[in-house]
Amino acid sequence: MTKPSLPDLLHAAVSAVGGTERPGQVAMAEAVAEAIDDTSHRLIQAGTGTGKSLGYLVPALAHGERVVVATATLALQRQLVERDLPRTVDALHPQLRRRPQFAMLKGRSNYLCLHRLHEGAPQDEEEGLFDQFEAATPTSKLGKDLLRLRDWADETETGDRDDLTPGVSDKAWSQISVSSRECLGATKCAYGAECFAEAARERAKLADVVVTNHALLAIDAIEGAPVLPQHEVLIVDEAHELVSRVTGVATGELTPGQVNRAVKRAAKLVDEKTADALQTASESFERVMELALPGRLEQIPEDLGYALMSLRDAARNVISAIGATRDKSVHDEDAVRKQALAAVESIHTVAERITNGSEYDVVWYERHDRFGATLRVAPLSVSGLLREKLFEDRSVVLTSATLKIGGDFNGVAASLGLSPEGVEGDDVPVWKGLDVGSPFDYPKQGILYVAKHLATPGREGTRGDMMDELAELIEAAGGRTLGLFSSMRGAKAAAEELRGRIDNPILLQGEETLGELIKAFAADPKTCLFGTLSLWQGVDVPGPSCQLVVMDRIPFPRPDDPLMSARQKSVEEHGGNGFMAVAATHAALLMAQGAGRLVRASGDRGVVAVLDPRLATARYGSFLRATLPDFWYTTDRNQVRRSLAAIDATAQADGK
């Protein structure tokens, strides 16, 4: 039997989802097939509207070996599992003569734990699962959430938190879920045979395509114990997010509250002397943290060093003691022991990591008005880890709408541990970059406007001229505005000011769930939506409701961000340009994502307005502009107002 051709398979899949075949999608599918065949790696930039999901799914399914697809957002995971994969499998089945299986796999804490649900959370007595519910009464938010979770447990087939709608608070979910460290294990648990997390793992072992998230991919790489099933091909979608997700998984933290909870959980399982030593260490750590000031710790202060060594040693002794004792008087002893061990091991790991010290780690204090101080430790870079763990023994395809920074792939490649394109060597993963473009005609569909006449934004204070400009632009556009701000404080200040100045309704992130805000924004073209980070990447509103995207300033990382500033300094110490490699690259990625909110369909028209003159005047402006879609560029404020008014008039004439 002749093997079906890739173009025929792609055509069948595209027809099945009611799409249109695009040259970029065909080029992408061919590049993915080539990478799979010769066990090499690809970085593929595929603009909005390319149809990149099918561009990698079709060659992956045709290949026949197991493929893992890792994504950053829940929305894309759902789209793949609920829409793209079922339709594609159905479409390819007649030609492939087989029906590839697919499954979703997430970290254990994403699944409801039946042991926790039925036996209660083995926490301090006053925190027991349904004690809290009883005390709170069913009318409280927590009580209602817990009651709904009990009902849901009887009807859910997956136990997956993301299948519960509407969702529940993190506090409620923590009462009925466990981390992998806290899990008793299927063989020791009375509910092991019915376990949702274990069932998901079994489905993944049998699947041809396993859809997971960046965090689980990072855990699989970092912790050494394989979580994902063996696979021949790894496809990382939304790959611009990977480095920050891996950094997040590799970051450790300690807080006094966390240490206190560990002390309480361990106290009932060890002798008094061992428990007292951990309690004493906890108190000395808490005293140090009360005086902690935010910022990086290039040297560990003496008092903190002593507190961490005491914590480390006391935690190690507790871990040994818990492993050596049994106490039948403790209800559900195995679960209590496992949770206590997990809490104490986490403290030991972070305290030891900071105490040992490493030139490759960054340590800093953070302070939160409500929660007090946190001590954090994160890797200076994850590039070495990714080079070693990601690119061995499999083909890796990384794709996103934004992988070319400043005009080439080498910046993103370096952050992933890859050498510049074309460099070969014994331990150097070989890769190729491909930009398949976008089906949209950006110069005709969009304008990039830089408000060159405004004052350069400072670190503090309101920007009166910027507020005037923003108000005029919104009025010219008739609403239809997505406001992307570099800080929540900036978004709030703009919303408060403009609600008193213009007639258009202004929605503000945080005043309602993100999903509800986006729905309301899409439903009424006169409405504006203001917010910060998640809006730069998470909004997909095609059509006339989003015809003006405004960025208040270039989103450089804060100068006092300990991790970013440490990374910048490290690049400079090695002879590079730290500002361009770290701060400008960070800003370019965000701006490209933000500008990508404007044109989501072939009929979309509009303006991306950047209210920061540095994009036009600073030397790095051209680097940032090279990362943005190829919109028609202007600094003429009158021209932009006329264009916005014309776009608004057209939309109104169309009844939108």
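In helix α3, the residues Lys-52, Ser-53, Leu-54, Gly-55, Tyr-56, Leu-57, Val-58, Pro-59, Ala-60, Leu-61 and Ala-62 are buried (buried means under 20% relative accessible area, exposed over 50% and partly exposed in between, with a 1.4 Å probe and protein chains only). The model is predicted: local features need pLDDT of at least 70 and side-chain atom pairs count only at pLDDT 80 or more, whereas totals for chains, interfaces and linings use all residues. Residues are numbered from 1 along each chain as its sequence is written, and side-chain values use heavy atoms, with hydrogens and water left out. Helices (H or I, at least four residues) and strands (E, at least two) are DSSP runs, numbered from the N terminus.

- Because 11 of the 12 residues of α3 are buried, the helix is largely enclosed by the rest of the structure.
- The 12 residues of α3 should span 16 Å at 1.5 Å a residue, and the end C-alpha atoms are 17 Å apart, which agrees (the expected span is 1.5 Å times one less than the number of residues).
- For helix α2 (residues 23–37), 15 residues at 1.5 Å each should span 21 Å, in agreement with the 21 Å between its end C-alpha atoms.
- The buried residues of α2 are Gly-24, Gln-25, Met-28, Ala-29, Ala-31, Val-32, Ala-33, Ala-35 and Ile-36.
- The cover over these buried residues of α2 includes α1 (6–16), β1 (41–45), α3 (52–63), β5 (233–236), β10 (395–400) and β11 (431–435), where contact means heavy atoms within 4.5 Å.
- Thr-39, which follows α2, has a positive phi near 50°.

- Val-236 is found in strand β5 and counts as buried at 0% relative accessibility.
- Not counting residues up to four places away in sequence, Val-236 touches Ala-70, His-214, Leu-217, Leu-242, Val-397, Leu-398 and Thr-399.
- Glu-238 is found in the loop between β5 and α11 (242–249) and is buried, with a relative accessible area of 14%.
- Glu-238 touches Thr-71, Ala-72, Thr-73, Leu-76, His-214, Thr-399 and Ser-400, again not counting residues up to four places away in sequence.
- Glu-238 and His-214 are 24 residues apart along the chain, and their C-alpha atoms are separated by 9.2 Å.

- In helix α9 (residues 196–206), the buried residues are Phe-196, Ala-197, Glu-198, Ala-200 and Ala-204.
- What covers the buried residues of α9 includes β3 (102–104), α5 (114–119), α7 (141–155) and β4 (209–213).
- The axes of α12 (residues 256–267) and α13 (residues 272–290) come within 10 Å and cross at roughly 170°; axes are lines fitted to C-alpha atoms, for helices over the stretch in contact, and angles run from 0 to 180 degrees between N-to-C directions.
- The helices α12 and α13 are therefore roughly antiparallel to each other (angles under 35 degrees count as roughly parallel, over 145 as roughly antiparallel, 65 to 115 as roughly perpendicular and the rest as oblique).
- Pro-256, Val-259, Asn-260, Val-263 and Ala-267 of α12 meet Ala-275, Leu-278, Gln-279, Ser-282, Phe-285, Glu-286 and Met-289 of α13.
- Asn-317 is found in helix α14 (residues 302–324) and is partly exposed, at 47% relative accessibility.
- The C-alpha atoms of Asn-317 and Val-270 are separated by 9.6 Å, the two residues being 47 residues apart along the chain.

**Aromatic rings**

- The structure holds 7 aromatic pairs; rings of Phe, Tyr and Trp (its six-membered ring) pair if their centres lie within 6.5 Å, with planes under 30 degrees apart counted as stacked, over 60 as edge-to-face and the rest as tilted.
- The pair of Phe-485 and Phe-530 is tilted, because the ring centres are 5.2 Å apart and the planes stand at 55°.
- This pair links distant parts of the chain, 45 residues apart: Phe-485 lies in the loop between β13 (481–484) and α20 (488–499), and Phe-530 in strand β15 (residues 528–531).
- Phe-485 is buried at a relative accessible area of 2%, and Phe-530 is buried at 0%.
- Phe-556 and Phe-579 form a tilted aromatic pair, 5.4 Å centre to centre and with 50° between the planes.
- Phe-556 lies in the loop between β16 (548–551) and α23 (562–573) and Phe-579 in helix α24 (residues 578–595), so the pair ties together parts 23 residues apart in sequence.
- Phe-579 is partly exposed, with a relative accessible area of 26%.
- One aromatic cluster is formed by Phe-440, Tyr-442 and Phe-631.
- The charged end of Arg-625 sits over the ring of Tyr-633, 4.8 Å from its centre (NZ of Lys or CZ of Arg must be within 6 Å of the ring centre and within 35 degrees of the ring normal).
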